[in-house]
Amino acid sequence: MSIIAESLGRIKPSVTIAVTTKAAELKAAGRDVIGLGAGEPDFDTPDNIKEAAIRAINEGKTKYTAVDGIPELKKAICEKFKRDNGLDYEPSQVTVGTGGKQIIYNALVATLNPGDEVLIPAPYWVSYPDMVLLGGGEPVFVPTTAATGFKMQPADLEAAITPKTKWLIFNSPSNPSGAGYSHDELKALTDVLLRHPQVWILTDDMYEHLVYGDFKFATPAEVEPKLYDRTLTMNGVSKSYAMTGWRIGYGAGPVELIKAMAKVQSQSTSNPCSISQYAAVEALNGPQDFIDERAKVFEERRDLVVSMLNQAKGLSCPMPEGAFYVYPSCEGCIGKKTPDGKVIENDFDFVSALLETEGVAVVHGEAFGLSPHFRVSYATSTEALTEACERIQRFCSSLS
């Protein structure tokens with residue numbers, strides 16, 4: 001009899017973390033590797049936020065806090081939702097967790113029963129399906145295409161909904177594609193959801209402030225207020241504030257749901273790090289101007305990477321609206337051979353050969369539920385991105 005629970009057999013480790021780990025191992029072994037797998041800003045946490053954390057330490061704010069967030073942070077989150085999204089929440093409707101991932105996990109564990117279905121547009125963040133499976137539900141994938149900008153179409157959403165559908169997990173801008181839904185595109189989807197009152201909406205807005213050009217961010221409960229009472233709006237400080245390691249995510253929704261999520265958290269991790277919570281208060285309440293400044297840098301990197309990848313033989317890279325990822329197709333490379341005679345049969349073969357021959361680490365599209373693609377994170381220096389794209393071009397040209 002195995003000590004390992006059968007439920008763990010339904011899931012797999014995070015592929016994006018595995019790629020980052022593999023790249024780090026190769027670097028440690030002396031290989032010249034450029035890692036484009038991690039979804040982590042290369043900018044440092046702003047000084048005012050770090051100083052708030054130091055101040056909290058010096059003031060002795062190092063004890064247990066309320067399970068799902070200190071009052072000061074919940075207040076700041078309510079003000080953020082009002083300021084940025086036009087959404088009115090009370091502190092009792094807010095929960096704070098150890099990163100956005102815990103918010104999603106708590107919600108699914110607190111609400112899913114065996115047989116409940118959760119709709120997930122593909123391509124998707126690698127953790128969504130496995131969290132659904134751990135929660136006892138069944139992930140149901142709604143495919144998208146490059147032709148529609150990797151955006152779920154209303155007819156496809158309608159067709160995927162069944163009496164068993166409990167949640168739709170919605171991520172805009174998207175990891176891995178960077179696709180962002182406009183207000184009108186969101187309205188078309190919320191019109192579908194209004195016809196199916198059993199479906200709740202879990203919105204992952206983590207890349208809200210990383211949008212480019214004329215694109216304007218919107219979130220479902222903002223677009224369709226009638227969905228407010230069955231929407232969990234999730235966000236966090238990881239990406240916009242370069243605070244990935246601080247591990248603070250938050251969500252807002254109906255009180256009954258928030259209480260159930262707090263119950264899950266009370267018997268798992270308990271409160272998020274007290275120091276990180278006080279730092280997050282400063283992040284949300286403090287100066288915000290650096291966000292747009294950094295977004296402009298990301299936009300320049302996006303334009304560079306899209307241009308260079310589209311010059312690579314056999315690749316096609318759409319221009320995304322936000323986040324810091326691109327999701328190019330490598331369909332033109334499938335069936336070709338590497339110089340040492342290996343056949344590229346799928347996107348996993350493509351990224352494996354790319355890492356082996358050119359030392360560029362990216363993530364294969366199968367991990368995100370849509371092939372033949374691969375994900376590139378451009379959250380690194382322009383110099384590294386230029387060198388990486390030149391290597392990708394060279395690799396693609398070497399295939400025959």
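In this predicted model, Lys-151 has a relative accessibility of 9% and therefore counts as buried, the cut-off being under 20%. Its partner is Glu-185: the two form a salt bridge in which the closest N and O atoms are 3.1 Å apart. Lys-151 belongs to the loop between β4 (138-143) and α6 (154-160), whereas Glu-185 lies in helix α7 (residues 183-194), so the pair ties together parts that are 34 residues apart in sequence. Glu-185 counts as partly exposed, at 31% relative accessibility.

A second salt bridge joins Arg-195 to Glu-158, with the closest N and O atoms 2.5 Å apart. Because Arg-195 lies in the loop between α7 and β6 (200-204) and Glu-158 in helix α6, this pair links parts that are 37 residues apart in sequence. Glu-158 is partly exposed, with a relative accessible area of 26%.

Another pairing is found within one helix. Glu-299 and Arg-302 meet in a salt bridge at 3.7 Å, N to O. Both residues lie in helix α11 (residues 289-310), and, being 3 residues apart, they are separated by about one helical turn. Glu-299 is partly exposed at 22% relative accessible area, while Arg-302, at 8%, counts as buried. Salt bridges with shared partners also join Lys-80, Arg-83, Asp-84 and Glu-208 into one network. The structure holds 22 salt bridges.

Leu-26, in helix α1 (residues 15-28), counts as buried at 15% relative accessibility. Beyond residues up to four places away in sequence, Leu-26 touches Arg-31, Val-33 and Leu-355.

Finally, the protein may be considered as a whole. The protein contains 13 helices and 12 strands. Its radius of gyration is 21 Å, close to the 21 Å that the globule rule gives for 400 residues, so the protein is as compact as a globular protein of that length. The C-alpha trace spans about 60 × 55 × 55 Å along its principal axes. Of the 400 residues, 55% are buried. Among contacts with a separation of 6 or more, 74% are accounted for by residues 24 or more positions apart. The accessible surface comes to about 16800 Å², and 54% of it belongs to carbon and sulfur atoms.

Conventions:
Residues are numbered from 1 along each chain as its sequence is written. This is a predicted model: local features need pLDDT of at least 70, side-chain atom pairs count only at pLDDT 80 or more; totals for chains, interfaces and linings use all residues. Side-chain values use heavy atoms; hydrogens and water are left out. Helices (H or I, at least four residues) and strands (E, at least two) are DSSP runs, numbered from the N terminus. The radius of gyration is taken over C-alpha atoms; the globule rule is 2.2 Å times the number of residues to the power 0.38. Buried means under 20% relative accessible area, exposed over 50%, partly exposed in between (1.4 Å probe, protein chains only). Contact means heavy atoms within 4.5 Å. Accessible areas come from the Shrake-Rupley method with a 1.4 Å probe; for residues, only the protein chains shown count as cover. A salt bridge is a side-chain nitrogen of Lys or Arg within 4 Å of a carboxyl oxygen of Asp or Glu.
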